Amino acid sequence: QGTKLRAERDANREAFKLAEASFKEAKSTVRELERQLEVARQALLRNETAFNEAKAAKQAAEKAVLTSLTRIASDLTRTAEEAMGIERSAPAPGSEGAEGAAAFDVQP
């Protein structure tokens, strides 16, 4: 019976060693995956910041282009009106038409 108990003990020790090795390997894998996850989270934060900065720059550039085009259109309109002898009179506050257009006086 002593031999049988020793064999069972040795088998249990071997099973324990295998389970312990498997546990340590799994624990190491989890640590590595957690490290990779943290690296990925930090990269995502950097990318989000860069994206938001690029988005703001794009919007500012689009606004600048639109402002410039509006200014050019206004200058062209004013030049054409001057060439046709049309003079813009400054509208009185609240006296703009329904569309918000300024009043024009035609000079002969």
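Author: A salt bridge is taken here to be a side-chain nitrogen of Lys or Arg within 4 Å of a carboxyl oxygen of Asp or Glu. The model is a predicted one, and the part to look at is helix 1, which covers residues 2-83.

Helix 1 has 82 residues, and from its first C-alpha to its last it reaches 119 Å, which is close to the 122 Å expected at 1.5 Å a residue. Among the elements of the protein chain, helix 1 has the highest mean pLDDT, at 96.

The charged pairs come next. A search of the whole structure finds five salt bridges, and among them is the one between Asp75 and Arg78, whose side chains meet with an N to O distance of 3.1 Å. That distance lies within the 4 Å cut-off, and therefore the pair counts as a salt bridge. Both Asp75 and Arg78 belong to helix 1, where they are three residues apart, or about one turn of the helix. An α-helix has 3.6 residues a turn, so residues three or four places apart point the same way. Side chains of opposite charge can pair when their charged atoms come close. As for accessibility, Asp75 counts as partly exposed at 33%, and Arg78 is likewise partly exposed, with a relative accessible area of 41%.

Another of the salt bridges joins Glu62 to Lys58, with the closest N and O atoms 3.6 Å apart. Here the spacing in helix 1 is four residues, and Glu62 and Lys58 are thus separated by about one helical turn. The two partners fall into separate accessibility classes: Glu62 is partly exposed, at 45% relative accessibility, whereas Lys58 is exposed, with a relative accessible area of 51%.

Glu20 is partly exposed, its relative accessible area being 32%.

Val65, Leu69, Ile72 and Leu76 make a nonpolar surface patch of about 380 Å². Ile72, one of these residues, is found in helix 1, and at 43% relative accessibility Ile72 counts as partly exposed.

At the end of this part, just after helix 1, Gly85 takes a positive phi of about 80°.

Seen in the whole chain, this is the one helix of a secondary structure that also has two strands, and the order from the N terminus on is α-β-β. Of the 108 residues of the protein chain, 1% count as buried, and the accessible surface comes to about 9600 Å², of which 59% belongs to carbon and sulfur atoms.

The mean pLDDT of the protein chain is 87, and 81% of its residues reach 70 or more. Strand 2, at residues 104-106, has the lowest mean pLDDT among the elements, at 50. Over residues 95-104 the pLDDT is below 50, and beyond near neighbours in sequence this stretch has eight contacts in the model.

Technical notes: Residues are numbered from 1 along each chain as its sequence is written. Side-chain values use heavy atoms; hydrogens and water are left out. Buried means under 20% relative accessible area, exposed over 50%, partly exposed in between (1.4 Å probe, protein chains only). The expected span of a helix is 1.5 Å times one less than its number of residues. Patches are made of residues with over 30% relative accessible area and no salt bridge: like charges are joined within 9 Å, nonpolar side chains (Val, Leu, Ile, Met, Phe, Trp, Tyr) within 5 Å. Accessible areas come from the Shrake-Rupley method with a 1.4 Å probe; for residues, only the protein chains shown count as cover. pLDDT is the predictor's confidence in each residue, from 0 to 100. Contact means heavy atoms within 4.5 Å.
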